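Look at the model below, then read the report on two of its regions.

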Amino acid sequence: MASAAATAPAATASSRPSRWTRLPVISQLRQSVGLQRGMLVAGLVLTGIFLLTALLAPMLAPYGFSQLRDEDGSFGSLQEPSSAHLLGTTVGGYDVLSRLIWGSRTALLVIIVAVAASILVGVTLGLISGYFGGWLDRVLVVIADAIYAFPSLLLAIVLAIVISGGQSSMWGGILAAALSITVIFIPQYLRVTRAEVIRIKSEAFVESARVIGASHARIMIRHVLRNSTRTMPLILTLNASEAILTLAGLGFLGFGIEPTAAAEWGYDLNKAVSDVTSGIWWTSVFPGMAIVLVVLGLTLVGESLNDLSDPRLRKRAAGAEPVEDLGVDLGDDAPVAPGAPAGAPEPAAPAAAKEASA
Amino acid sequence: MTDIVDIQDLSVTFATDSGPVRAVDGVSLSVQPGEVLAVVGESGSGKTVTAKTILGLLPETAHVRGAVVLRGRDDAEGADVAAMSASQLRRMRGRDAAMVFQEPSTALNPVFTVGWQIIEGLQAHGSYTKAEAREKAIDVLRRVGIPDPEVRIDHYPHQFSGGQKQRIVIAQALILDPGVIVADEPTTALDVTVQAEILDLLRRCRDEFGASIVLITHNMGVVADLADRVAVMYQGKLVEQAPVKELFAAPREPYTQQLLAAVPRIGEGLARAEVRAARRPEGWADQAPVVSAKDLRIVYPGRFRQPDFVAVDGVSFDIRPGEVLGLVGESGSGKTTIGRAMAGLTKVSGGSFEVLGVEMNGAKEKAIRPIRHRIGFVFQDPATSFNPLLTIAQCVAEPLVVHGRAGSPEDARARVDELLEAVQLPASFGDRFPHELSGGQRQRASLARALALDPELLIADEPTSALDVSVQARVLDLFDELHRELGFAALFISHDLAVVDMLADRIGVLHKGRLVEEGTGSEVLGAPKDPYTQRLLASLPVPDPVAQAARRAEWEELSA
């Protein structure tokens, strides 16, 4: 009862869990149990390692990504793993471990640019398309469907050529890869946002804003947009892993970044193809593993977020005996629903008491 | 005679995200053969959970303690449902106990014929030849009052009306002649006139089929009409249990008294309307109306060569300043459409509809915008009418910000606190999010938002139909009080005659898009002229078993 009597800011602070625990991934981690929790934790650990490696690459990597020699002279080509080169060297004479670590940086940059650009464009188009409908909506959806019809890698190759025009600098390469991925992802964000916007548009609170007389821009930004981005973290993680695969695919086919501009796993794999037949395993296994593990980590996070965000798929800790005072939470019209945020029953208790006492 | 259902000290706990929640707490109940036991209570009281345990229909997250002994027709011993295995449950369901669901349109599978669905239940409990099963299904359909059962048995659910679908669901429950039928809000989704027919059928289930019925409902009128004995539940506990006449005549527990007092009754509004009429200044009747509809016609265009749907057809009415017009009608009568057209949410197709001096027929958004701030709107479902990501204060401040009365929600806070106070919510509630408020509180906040700009016209579209009875009473009182203070004109839309009667100066009765009757409360409810209004009034069950028995006789005469 104290929270109702207390001053406004104090009431909000005490009646809701802290901001930290309501962040997207953290809150899901807290409510998960069993296998779902295991999957999520495994995914988060793999993703965390990937992020740390990318951020700390200059400190972790023993050599530069394009370094071919040090004080003792040239590294030599196709050296077996040794104390000087923990994972050996490639056919071009680069250190495999260093290329691996620097490569995570390229991958992360591509993910960030690709996902940020596609969200920005996709969500904006989806919002406009879903909110206004009509001919604009039809045209955009047809274009999105047309893009779906192309094999995505083929489209990425065409775009890589168009965008970079054979250029192979680090940023040129990254942008070429990222923007070609963006074009493939925009239809996805457009479709998801559009579907959500169409659903939200018919909700009573949007109509209520119309009755109040709010302008279209205000309704779209203040009422519709924020309510229709709930599934974004999920698509984001799944797309991030797809972005890595597309980048690696481009690199493997030779449309990636030159080894002197940046390290790229797909390029390294391409150069390692001929080594496999001659029994040289270290040049192909490690970049391949890196791709697999990062994709696995991101997919695990995405999939478990998907399961956890759906109350029908979410497992809960088995209900033992309740603490006695929990019975109060089922007040006559207290908003207790399965899936209600953890903070809901507490502030509702004084409310229920107030209704009942009247 | 032994009890057919015997619930002993039942407790049910659900595992939820916020920890275990006890939904039912130490409930003991029994049902005798051939008896109708009504379990009443507000939402969240645990009435549905209690009844569902009789069939073992709880989800996996539930933890049941206590015993639910169910005796079959020829099984004197009985068995504890709570301890049954899945296969035992399967054998018991349908044979010993059956269920009638709330929403008949979702309880039937749309891709199978109704006959197939009835026979499916039959085949699960014994082997019948095709002809035998079909004969039994036709027989049960005839007994629940489906005309031409020999032909209708091969029809699909969408070919039946809502009331007929509920009859089929009841036929499905009756086919194996179970000892007890659990009916979970069997008439809530139906219109009043259809509700009366279904209640009549349920009564026949008891009289002709000899089944006991456990009736779960929040409608005290339905209880008075059908029940033999009543159990009142509140917050998972059994509050009171008594024969129906005793409970209505002399409720023992304070909660029961409060619950009964909150039920709106027809005739209560007359005195209020008279007081309001007396207060009006002279010459009031000659004032220019706020809203004036003449031969209003609203058509929803049909798609794919379907004919157009005429939602509102030739309706004329006036609302004068400070007057409350109540619109009543069943679902599909066009009452909500009129309200939406008044707020410019639906296009007018024909006739003339003048709202605050603006002709809505053919009006563009630009023409409507200048009068927006003079119109307030209260929506039906308080759960969806607030943006879930904004606080209540931000939501209430929205009209002030949009119309430039305040620069930002923070600037408007003083006015918002004033408004919240006017609807009897503490100012600190402004910092909460909509999901943290109960339904009644949210609906009051919705009223605060509608009144933020001091509108001359308020449109309330079924503002209390999603609320519990006691909460509804408080919201209606508040509406009346605010109306007295602020003197706005209002269109009050409801399907409940008693609710409209409490607030409206004049009442309009809509039927299939036409205004069949319009007049003051005493004219329309006291001496209805139109046969539809008469039928509507007679179908409405009153919360008094003695009076309801008399009305039922009247209704039977009227419908014969």
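## Terms

Helices here are DSSP runs of H or I with at least four residues, numbered from the N terminus. The model is predicted.

## A nonpolar patch on chain A

Eight names make up a nonpolar patch on the surface: A:Phe150, A:Leu154, A:Val158, A:Val162, A:Ile163, A:Trp171, A:Leu175 and A:Leu179. Together they have about 730 Å² of accessible area. Two helices of chain A, α8 (152–164) and α9 (170–201), each supply at least two residues of the patch. The most comes from α8(A), which gives four residues.

A:Val162 is located in helix α8 of chain A. Its relative accessibility is 61%, so A:Val162 counts as exposed; the cut-off for exposed is over 50%.

## An open sheet in chain B

Strands of a sheet pair through backbone hydrogen bonds, and the pairing may be parallel or antiparallel. In chain B, four strands form an open sheet in the order β12-β11-β14-β15, with antiparallel pairing. At the edges are β12 (309–319) and β15 (358–359) of chain B, each of which pairs on one side only.

Strand β11 (residues 291–300) and strand β14 (residues 350–355) of chain B are joined by five bridges in the antiparallel sense. B:Val291 has B:Val355, in β14(B), as its bridge partner.

## A helix on the sheet

Helix α13 (residues 335–342) of chain B packs on this sheet. Helix α13 of chain B touches β11, β12 and β14 of chain B. The direction of helix α13 of chain B makes about 65 degrees with that of β12(B).

How values were computed
Residues are numbered from 1 along each chain as its sequence is written. Chains are lettered from A and ligands numbered from 1 in the order in which they are written. This is a predicted model: local features need pLDDT of at least 70, side-chain atom pairs count only at pLDDT 80 or more; totals for chains, interfaces and linings use all residues. Side-chain values use heavy atoms; hydrogens and water are left out. Two strands pair if DSSP finds at least two bridges between them. Contact means heavy atoms within 4.5 Å. Axes are lines fitted to C-alpha atoms, for helices over the stretch in contact, and angles run from 0 to 180 degrees between N-to-C directions. Patches are made of residues with over 30% relative accessible area and no salt bridge: like charges are joined within 9 Å, nonpolar side chains (Val, Leu, Ile, Met, Phe, Trp, Tyr) within 5 Å. Accessible areas come from the Shrake-Rupley method with a 1.4 Å probe; for residues, only the protein chains shown count as cover. A salt bridge is a side-chain nitrogen of Lys or Arg within 4 Å of a carboxyl oxygen of Asp or Glu. Buried means under 20% relative accessible area, exposed over 50%, partly exposed in between (1.4 Å probe, protein chains only).
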